[in-house]
Amino acid sequence: MTAGIEDIVKKVEGYRPGEDLTLLRKAYQQCLKAHKDQRRLSGEPYYLHPLEVANILADLRMDPVCLAAGLLHDVVEDTPETIERLREEFGGDVARIVEGVTKISRLQFSSVEEQQAENLRKMLLAIVDDVRVVLVKLADRLHNMRTLEYIPEDRQKRISRETLDLYAPIAHRLGMGKMRGELEDLAFRYLEPGAYEEVKKAVENRRKVGEEFLSEVRGLVEAKMKENSIPARVEGRIKRLYSIWQKLERQHVSIEQVYDLLAVRIITDSVKNCYGALGIIHNTWRPVPGRIKDFIAIPRPNFYQSLHTSVIGPHGQPFEVQIRTEEMHRLAEVGIAAHWKYKDGNAPSPQDEERLAWLRQMVEWQQELRDPGEFLSTIKIDLYPEEVYTFTPKGKVIVLPRDATPVDFAYAIHSEVGAQCAGAKVNGRLVPLKTKLRNGDIIEIVTQTDHEPSRDWLGFVRTSRARNKIKHWLNVAQRRRAVEIGRRLLEREARKFDVSIKKIAEDDFARVLRAYGCSHPDDLYAGLGYGKFSARQVLGQLAPAVHLDGTQPAGLATAVRRAFGFGHDGAIQVHGFDDLMVYRAKCCNPIRGDEIIGYITRGKGIAVHSKTCPNVQSLIYNSERRIEVEWVGPKISFYPVKLTLFTADRQGMLADVTSAISDVHSNIQHIEARTGDNQALIDVVVDIVDKPHLEKVISSLRRIEGVYQVERVMGA
């Protein structure tokens, strides 16, 4: 049930006693007036949506200005109201927040990827300017996700994907664990409905036993804390559905093997008592080796602090224990909103500014990235870092993502240190540059003045800073070579027909540049050097009066198109080109319905990759060699797709697998099973028409009892 304005006012009065809330009530009246004739797809009056957004912000204990902006966040976008009028009526802060939210919502772009990238850019910049813009947007998205059932399925999936890719990571990076968890679970429900229901059923089947177990453990913990004079509030929780599913997918385990499925949280009054409580827990139950994490001594980049340990509890049941102070708990739940204070128009405190230092650095690193695909793929590493804490020889902490290497470390120190990185010592020993760093490693970088970045580094670096700097250097160097090669190719072709490039009129050259979408001669030469344009075709445009014999016959071009599956009869079409050879890359084996990208190869035509192909980021680092491709024509082809199933080792499993595949009208080309430790690994190659067909096959297999995970294997 939606809260009323007086319920919200009462909440605000509880955490900001004595504050004048006239602005809040005035914003509510304007919200009612602006949206009075509007309704949501659910049939409810539209004003209930901004009212619930304000309620979510009140739960975050935000200031009245932020709540007023939440009530008014849609009036400029959906009604005749203007920013200027809002500024006059409600002040500059409210107007600025509403304008920031509106700018994010109004963006229109030519592709979903470009829209996502620009949305994220705008959000990052908005957080730097005023974090309340993004808090309003997150509250808006959360309520929209809660009411997503009323919109068409295609929009449900698109909005859920955007939520999982952009909004949940932003909430995570701002330390807002509670909001992040709900956003992920809601998106999971619509993106993977089959898996969602399976995980939900598995949790519900264990809920009663789990809650009884947690109740028993809570009682024991409370008694132990009291016995040792440690004041403590003890909570129990069952892990969120999306987090469980991620662990099942990543570790190929059954739900019984998820150590932190059940967790107990001990909230005490001081850091000293946090460590005291940890000792008591370890004296009571045996800890699981390698599962102790101290985020109090070294907080996560989003300022999350807590002690984590997994122990084997009563009856041999593993469970997780989290220990933190009340202040740490509030920060873990609502993140930056816990401390972000605006009073009397003053700027945020230095402590609040420090909390956004990571963001300012990220924005700076991403400024050079104009390609939407690169921006999205690299920003996700920055938003969801799984941290490794490393040290310089002088003891400075460098926080890197999991599996980061000495090259990542070098670029984190300085761009020039990264570019000149010739070797590395880890804990005093020389190691290969692709060595994966571990917590506590001390790294010393060996540099050489004349050393240059290697393309091979793209295969193992993990940070966006390192990847972007390497790509930038390679792009500059490769473009320089491509321009020179292209110039030589055109001059050589011109000599064959006794044409002097130098004598071609400037107007003719400019006309040809426009025809090929180039703004400078070097752009044309680079295209020739990369193999994007034909030297013969360009010369024909530059010197149309000259007869160029020996061109490719039309019949051969048609035959090539048919042989390689594109043009009018094939499955893939290249934008703007008729006679380029096209083939699906073997490394990812894209099928109809996958998002695809073309890469111009030298002498082999256009390699078409799935955008999720692991080779895309390391291979297609040069945007000038990318080319737009799309699926066309009727669905007449079958694609072989390899799936790997992680299952229980039980009688009849193979029969169930073959039956599930047959039920969704797919043929099996090959199947092979391996068993061990009461588990089985089944590889099966099936005929697939398109991506929706593949999703039906995977969903059918996941419904089989004892199937833990189904993975599509790239390159089948």
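Arg 85 and Glu 89 both belong to helix α6 (residues 83-90), where they stand four residues apart, about one turn of the helix. In this predicted model, their side chains meet in a salt bridge, with an N to O distance of 3.7 Å. An α-helix has 3.6 residues a turn, so residues three or four places apart point the same way.

Arg 85 has a relative accessible area of 33% and is therefore partly exposed, and Glu 89, with a relative accessible area of 32%, is likewise partly exposed.

## Salt bridges elsewhere in the chain

The structure holds 33 salt bridges, among them one between the side chains of Arg 488 and Glu 484, with an N to O distance of 3.6 Å. Both residues lie in helix α21 (residues 464-496), and because they are four residues apart there, about one helical turn separates them. Arg 488 is partly exposed, with a relative accessible area of 48%, and Glu 484 is also partly exposed, with a relative accessible area of 36%.

Glu 192 counts as partly exposed, at 26% relative accessibility, while Arg 702, at 13% relative accessibility, counts as buried.

## The crossing of α9 and α11

Helix α9 (residues 131-146) and helix α11 (residues 177-191) have axes that come within 10 Å and cross at roughly 35°, and the crossing of the two helices is left-handed. On the α9 side, the contact is made by Leu 138, Ala 139, Arg 141, Leu 142, Met 145 and Arg 146; on the α11 side, it is made by Met 179, Glu 182, Leu 183, Leu 186, Ala 187 and Tyr 190. Sorted by class, the residues of this contact are nine nonpolar, no polar and three charged.

## Nonpolar cores

The largest nonpolar core has 107 residues, and those with the most contacts inside it are Leu 57 and Leu 138. Helix α12 (residues 193-227) gives the most to this core, with 10 residues. In soluble globular proteins, nonpolar side chains tend to be buried together.

Leu 138 also belongs to the contact of α9 with α11. When its neighbours within four places in sequence are left aside, Leu 138 is in contact with Tyr 167, Ile 170, Ala 171, Leu 174, Met 176, Met 179 and Leu 183. Of these partners, Met 179 and Leu 183 are among the residues by which α11 makes its contact with α9. A second, separate core has 32 residues, including Val 574, Trp 631, Val 684 and Ile 698.

## An enclosed helix

Helix α4 (residues 64-72) is largely enclosed by the rest of the structure, because nine of its nine residues are buried. The buried residues of α4 are Pro 64, Val 65, Cys 66, Leu 67, Ala 68, Ala 69, Gly 70, Leu 71 and Leu 72.

How values were computed: Residues are numbered from 1 along each chain as its sequence is written. This is a predicted model: local features need pLDDT of at least 70, side-chain atom pairs count only at pLDDT 80 or more; totals for chains, interfaces and linings use all residues. Side-chain values use heavy atoms; hydrogens and water are left out. Axes are lines fitted to C-alpha atoms, for helices over the stretch in contact, and angles run from 0 to 180 degrees between N-to-C directions. A crossing is left-handed if the near helix is turned anticlockwise from the far one by less than a right angle, and right-handed if clockwise. Contact means heavy atoms within 4.5 Å. Ala, Val, Leu, Ile, Met, Phe, Trp, Tyr, Cys and Pro count as nonpolar, Asp, Glu, Lys and Arg as charged, and the others, Gly among them, as polar. A nonpolar core is a set of buried Ala, Val, Leu, Ile, Met, Phe, Trp, Tyr and Cys residues joined through side-chain atoms within 4.5 Å. Buried means under 20% relative accessible area, exposed over 50%, partly exposed in between (1.4 Å probe, protein chains only). A salt bridge is a side-chain nitrogen of Lys or Arg within 4 Å of a carboxyl oxygen of Asp or Glu.
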